[in-house]
Amino acid sequence: MAILKTEGLTYTYSAGTPFEKTAVDHVDLCIEEHTMVGVIGHTGSGKSTLMQHFNGLLKPTSGKILLDGKDIWADKQKMREVRFRVGLVFQYPEYQLFEETVFKDIAFGPRNMGLGEEEIKRRVLETADALGMDRELLKRSPFALSGGQKRRAAIAGVMAMRPEVLILDEPCAGLDPKGRNLMLQQIRDYQKKTQSTVLLVSHSMEDVAEFTQKLLVMSKAKLFCYDDTAAVFRRSAELREMGLRVPQIASVMEKLRNRGFALPEDLYTVEQARDAMLHLLQKGGSTC
Amino acid sequence: MLKDITLGQYFPVDSVLHRMDPRFKIIFTMLFIIMLFAGNSIWTLVLGAVFVLMAQLLSKIPLKMSWKSIKPILPILVFTAVLNLEFISSGDVLWEWSFIKITEGGLQTSVFMICRIILLIVGSSLLTYTTSPILLTDAIEALMSPLRKIKFPVHEMAMMMSIALRFIPTLLEETDKIMSAQKARGAALDSGKLTQRVKALIPILIPLFVSAFRRAEELATAMECRCYRGGEGRTRLRQLRAEKRDYIGLFVCLVFLAASIVLNVLHKV
């Protein structure tokens with residue numbers, strides 16, 4: 001079933017001034033429940049603007065956003081409820097930390113939801129565990145943490161609200177490769193455990209190839225396509241034209257195929273590629 | 001959105017007034033203010049109005065913008081008018097009701113005061129409309145440079161001003177971002193009682209201050225890395241140079257000032 005749906009969603013910045021710019025142009029989308037969706041697009045393609053519509057931070061210039069079949073702008077009083085159901089983690093979320101302790105900061109969202117102390121505590125601890133944060137950390141000041149820990153604390157603050165849809169805008173920006181992978185694994189585990197829908201905005205094709213089932217591609221304010229990850233990467237020529245890439249390993253495989261190796265298409269993660277190559281070598285197909 | 005607030009209300013069009021030397025424009029504004037406040041008759045105000053209208057036409061700034069600069073001071077205008085009407089009692093009584101008494105003198109003075117304030121605001125806002133904040137600080141630094149003789153830190157002051165101006169948009173953008181982030185966590189920013197609203201500001205102000213301090217530190221480091229050592233021996237990218245139009249402008253201003261002084265004297269006699 002579709003949890004998020006947009007109909008002709010359009011957003012124009014500074015409408016009616018010389019600085020007018022349409023950032024999202026007639027986007028029709030239908031995002032299913034329990035999926036991990038990657039959102040890719042060139043810088044300035046409208047990804048972030050689109051994401052801010054899903055929890056009502058921006059009001060569309062025209063068009064509709066339906067959450068669970070209901071227009072989120074139908075009743076403005078219920079907007080806070082929408083924000084609890086659709087959690088949005090901004091880019092560099094560590095700059096939003098403000099409480100005295102990490103625990104209190106993570107509890108900010110759940111507390112705004114009006115939950116009881118017991119429930120708040122349970123959620124904070126559960127989320128901290130899911131993101132691999134030490135219990136000891138929860139007592140510290142968020143400003144005393146390292147960059148990676150701050151990032152986790154900020155993401156936890158949104159996750160602890162248990163949103164049905166979690167949107168993460170570049171959650172791994174500025175993390176080292178090891179940290180990136182761990183973070184993405186934790187996000188995927190969270191998604192599986194809670195059966196929620198996760199939208200992951202990313203610039204790394206490798207990351208989305210490995211961790212997402214579907215891909216949403218934005219190009220010049222328009223929705224280029226929304227399809228299975230494999231299907232999107234099959235259109236590598238079009239992606240390149242948009243200034244996007246396919247995962248490195250997919251390029252390698254493509255070049256090998258061009259040289260006459262009988263490798264299947266749809267190889268876009270390192271593991272798949274490794275298995276396929278081993279398979280080929282075992283068959284004795286190597287002629288190099 | 002916060003971004004829509006225009007601070008430092010520079011209005012970028014190309015006009016003679018825009019191209020003038022900012023130092024001269026500051027001097028013109030000062031002369032204009034002297035002219036307005038030295039004047040004691042309605043004729044000097046008419047002269048001031050002619051001057052403002054002329055500048056306005058030359059600047060190509062739409063009249064709508066001038067209205068925008070008057071709007072915020074409307075309460076002050078009303079307040080001045082009421083005070084003057086109430087407390088000046090000279091000339092014939094025009095209207096009376098219990099303790100309220102409006103006299104001819106009072107009416108005259110309040111109209112005079114209102115016109116003077118409006119002219120003051122419209123005239124001086126032309127300066128900020130036609131001069132970018134950075135040029136304005138450059139000009140202030142240049143005009144204040146004689147104060148260096150008495151060990152006044154002119155360059156440092158000007159640098160502080162331009163840094164402050166530079167960071168206003170940055171901090172506004174930052175505030176916008178933090179507000180969105182906290183709203184996404186269910187912060188109720190625009191509802192509830194006053195105490196609740198003040199409390200709701202904490203999640204915004206703390207991250208904002210933290211980031212302001214972080215930026216200040218980063219900027220200081222960056223300046224040190226580039227061997228910033230204050231104004232001594234520093235050259236500029238934008239050199240301020242007076243041209244013919246600036247001297248013509250100065251001449252016109254002085255003529256107006258002289259005319260208003262003459263009018264003042266005539267009025268007394």
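How many residue pairs are in polar contact between chain A and chain B, with both residues at pLDDT 80 or more? The count is 5. Keep in mind that this is a predicted model.

Now, which elements of chain A bring those residues to the contact? The largest share comes from α3(A), with 4 residues. By class, that side of chain A has 13 nonpolar, 5 polar and 3 charged residues.

Next, salt bridges. Between chain A and chain B the count is 1. The partners are B:R185 and A:D105. Their closest N and O atoms are 3.0 Å apart.

Now the extent of the contact. Chain A puts in 21 residues, and chain B puts in 17 residues. The two chains bury about 1,600 Å² between them. Carbon and sulfur atoms give 64% of that area. Which residues of chain A lose the most area to chain B? They are A:Y95, A:Q96 and A:F98. Together these three account for 34% of what the chain A side buries.

On to the empty spaces. Rolling a probe the size of a water molecule over the atoms shows where such space is left.

Start with the second largest pocket. Its volume is about 880 Å³. The lining has 27 residues, and the closest to the pocket centre are B:H155, B:M159, B:S162, B:Y228 and B:R234. Three helices of chain B each supply at least two lining residues: α7 (133–144), α8 (154–184) and α9 (194–225). Which one gives the most? That is α8(B), with 7 residues. By class, the pocket lining has 13 nonpolar, 6 polar and 8 charged residues.

At a cut-off of 30 Å³ or more, the count is 1 cavity. The largest cavity has a volume of about 40 Å³. Its lining comes from chain A: A:E170, A:P171, A:C172, A:A173, A:R180, A:L184, A:L200, A:V201, A:S202 and A:D207. Two elements of chain A, α6 (177–194) and β8 (197–201), each supply at least two of the lining residues. By class, the cavity lining has 6 nonpolar, 1 polar and 3 charged residues.

To close, two places to look at on screen. One is the salt bridge between B:R185 and A:D105. The other is the second largest pocket, with α8(B) giving the most to its lining. Over to you.

Note on methods:
Residues numbered from 1 in each chain as written. Chains lettered and ligands numbered in written order. Predicted model: local features only at pLDDT ≥ 70, side-chain atom pairs only at ≥ 80, totals over all residues. Heavy atoms only, no water. 1 Å grid on protein atoms, 1.4 Å probe; cavity = no way out; pocket = protein on both sides within 12 Å on 5 of 7 lines; lining within 4 Å. Points joined across faces, edges and corners; volume = space filled by probe spheres on them. Nonpolar A, V, L, I, M, F, W, Y, C, P; charged D, E, K, R; others polar. Contact = heavy atoms within 4.5 Å. Buried area = accessible area lost by both parts, 1.4 Å probe. Salt bridge = Lys/Arg side-chain N within 4 Å of Asp/Glu carboxyl O. Polar contact = N/O pair within 3.5 Å; in protein donor to acceptor, adjacent residues only side chain to side chain.
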